[in-house]
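Hi everyone, thanks for coming. Please have a look at the sequence and the model on the screen, and then we'll walk through it together.

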Amino acid sequence: MAERLVKVESMVGLHSRPAAEFVRAAAQCPVEVSVGRYTGELVNAKSILAVLALDARPGEHLRLRAEGEGAEEILDRLASLFAQFSETNA
């Protein structure tokens, strides 16, 4: 199992485009991927409704977790999407 903390630069739960891109990328992963607020429950990162419900605000941290072969690389790739979101929403 692997985990990453990522800082939210855009409102992931309120902006459907970044959330949809994140879910699309997670859905292509061959392993289970979860996401959640730093102190909250993890949800299926492949579910757009679950990701939108996180309603993460700028400055908050989200946890990404993946289990299975290649989990570290998968989380690195998904975490990099957050940096892209902050650039496109600046």
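Which pattern does the protein chain follow, read along the sequence? It goes β-α-β-β-α-β-α. That comes to 3 helices and 4 strands, where helices (H or I, at least four residues) and strands (E, at least two) are DSSP runs, numbered from the N terminus.

A word on what we're looking at. This is a predicted model, so local features need pLDDT of at least 70, and side-chain atom pairs count only at pLDDT 80 or more, while totals for chains, interfaces and linings use all residues. Residues are numbered from 1 along each chain as its sequence is written, and side-chain values use heavy atoms, with hydrogens and water left out.

How confident is the predictor? On pLDDT, the predictor's confidence in each residue, from 0 to 100, the chain averages 85, and 87% of the residues score at least 70. Confidence is highest in strand β3 (residues 43-44), at 96, and lowest in helix α3 (residues 71-88), at a mean of 81.

Now the chain overall. Of its 90 residues, 38% count as buried; buried means under 20% relative accessible area, exposed over 50%, and partly exposed in between (1.4 Å probe, protein chains only). Contact means heavy atoms within 4.5 Å, and of the contacts with a separation of 6 or more, 70% are between residues 24 or more positions apart.

Let's zoom in on helix α1, residues 16-27. Which residues of α1 are buried? They are Pro18, Ala19, Phe22, Val23, Ala25 and Ala26. These sit on the same side of α1, because they cover an arc of only 160 degrees around the axis, an arc taken from the directions from the helix axis to the C-beta atoms. On the other side, Ser16, Arg17 and Arg24 are exposed. Arg17 counts as exposed because its relative accessible area is 55%. Its C-alpha atom is 9.0 Å from that of Phe85, 68 residues apart along the chain.

Is Arg63 buried or exposed? It counts as buried, because its relative accessibility is 16%. A polar atom of the Arg63 side chain lies 2.8 Å from the backbone oxygen of Gly40, and one lies 3.4 Å from the backbone oxygen of Tyr38. Leaving aside neighbours within four places in sequence, Arg63 is in contact with residues including Glu3, Leu5, Ser34 and Leu42. The C-alpha atoms of Arg63 and Val6, 57 residues apart along the chain, are separated by 6.5 Å.

Key. Polar contact = N/O pair within 3.5 Å; in protein donor to acceptor, adjacent residues only side chain to side chain.
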